[in-house]
Amino acid sequence: AGEYWLVKSAALSIQSRFGFSKRFPSGSSTTGVAVSGALVQGHKLTLVYAGPETGYRGFHVAWDGAQILNTGFPASWSSPDGVLKASLANMNPEDFHQQARHTIGGTGGDIPSFLFELVPGIRIYVVIGDETINLVITIKRPDGTVDGYCGNFNCIPEDDTLVHLTARGLAAPIQAGSLFDGAPAPPAWQRRRQGQEPDPQNCPPDLMRRAQEACEAAGRAAKGGCIFDVCAAGDVSVARDDVITAALQNEMTQHFELFGFLHLPQLVGGQIPAHVQWGIGGMALVLLVGGVSLGYTSRGARSEARYGERVAPGDASDEEALLGPAASEHEPIYR
């Protein structure tokens, strides 16, 4: 639990708050986001779960410290200078990211969501859970040095591991300069882990058996993460969401790979295929943060290492849990 840098640059700052929830008391999840910087003309947007109500009623949204989107459901608000357009309404998460429903977004249809559109070209879509959120952040690369858990935007994800972030001084929770100063504090239960840290090796045998059966349809790449989610929640029903998310991801991947035959010239060095680089160059970068245990990425760090899909460096700490494919710095989307 704590507050971490997602995007840190001279022109744009995006931080996220993570905490424990009643559904996942031993694995932290995304519970807030804050944005500021010169790109948004020095304004500050904060969204945090304050409680005690669940769902959208439990979240507090503020622009420069003044609460907004608090007039009921649906709601909309625009800043006088036109920098921010904010809305609270039923939206389809799949319109924003194929994994946006992960863990808390159900299996289909429109659900309560926040949408923040900031000048110039910054969009933050928020899937609302009972007391946690999933974030889809769409931005263009800010000028100058960029770093944080969303990557350093150099198209080399290998240098965004926990080891590299630690060396750059960005792995630990923020100790000073939090954008959440002035926002409501998290409820007491979100600041304390209850029980053991989620670990499939400690999963009760009967639950593990049912998890393996329910997660089989998620496919090899997603099965380990699906099993982690079931064990963390103690509820096999969460596998349904993971299976649907995996199916959507596979469909989008197949659509994206259709561009491979074009043999486009490379925009940067040979670190990634040319058609991927063109996908990056032709659109904003899209980053996903959310889900259980510091998000989808946490179970990637903890479970996939155990199931042979991806070996994470060292023991899986809260900081490491932020890393993974869902927060990849080059994840373009074709619709």
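What you see is a predicted model, in which local features need pLDDT of at least 70, side-chain atom pairs count only at pLDDT 80 or more, and totals for chains, interfaces and linings use all residues. Residues are numbered from 1 along each chain as its sequence is written, and side-chain values use heavy atoms, with hydrogens and water left out.

Let us start with the cysteines. The angle about its S-S bond is -90°, and the link of C203 and C231 is left-handed. C203 belongs to the loop between α1 (162-167) and α2 (205-215), while C231 is in helix α3 (residues 220-233), so this pair ties together parts that are 28 residues apart in sequence. Helices (H or I, at least four residues) and strands (E, at least two) are DSSP runs, numbered from the N terminus. Both C203 and C231 are buried, where buried means under 20% relative accessible area, exposed over 50%, and partly exposed in between (1.4 Å probe, protein chains only).

Next comes the disulfide that joins C215 to C226, with 2.1 Å from S to S. This pair links distant parts of the chain, C215 in helix α2 and C226 in helix α3, 11 residues apart. The link of C215 and C226 is left-handed too, with -75° about the S-S bond. C215 counts as buried because its relative accessibility is 0%, and C226 is buried with a relative accessible area of 0%. If you number the bonded cysteines of the chain in sequence order, the pairing reads 1-4, 2-3.

Now turn to the backbone. Most residues other than glycine have a negative phi, and most peptide bonds are trans. P52 lies in the loop between β4 (44-49) and β5 (59-63). V119 and P120 are also joined by a cis peptide bond, with omega about 5°, and P120 is in the loop between β9 (111-118) and β10 (122-128).

D64 is in the loop between β5 and β6 (66-68), and counts as partly exposed because its relative accessibility is 43%. L69 has a positive phi near 55°, in the loop between β6 and β7 (75-78); L69 is buried, at 11% relative accessible area.

Definitions and conventions:
A disulfide is a pair of cysteine sulfur atoms within 2.5 Å.
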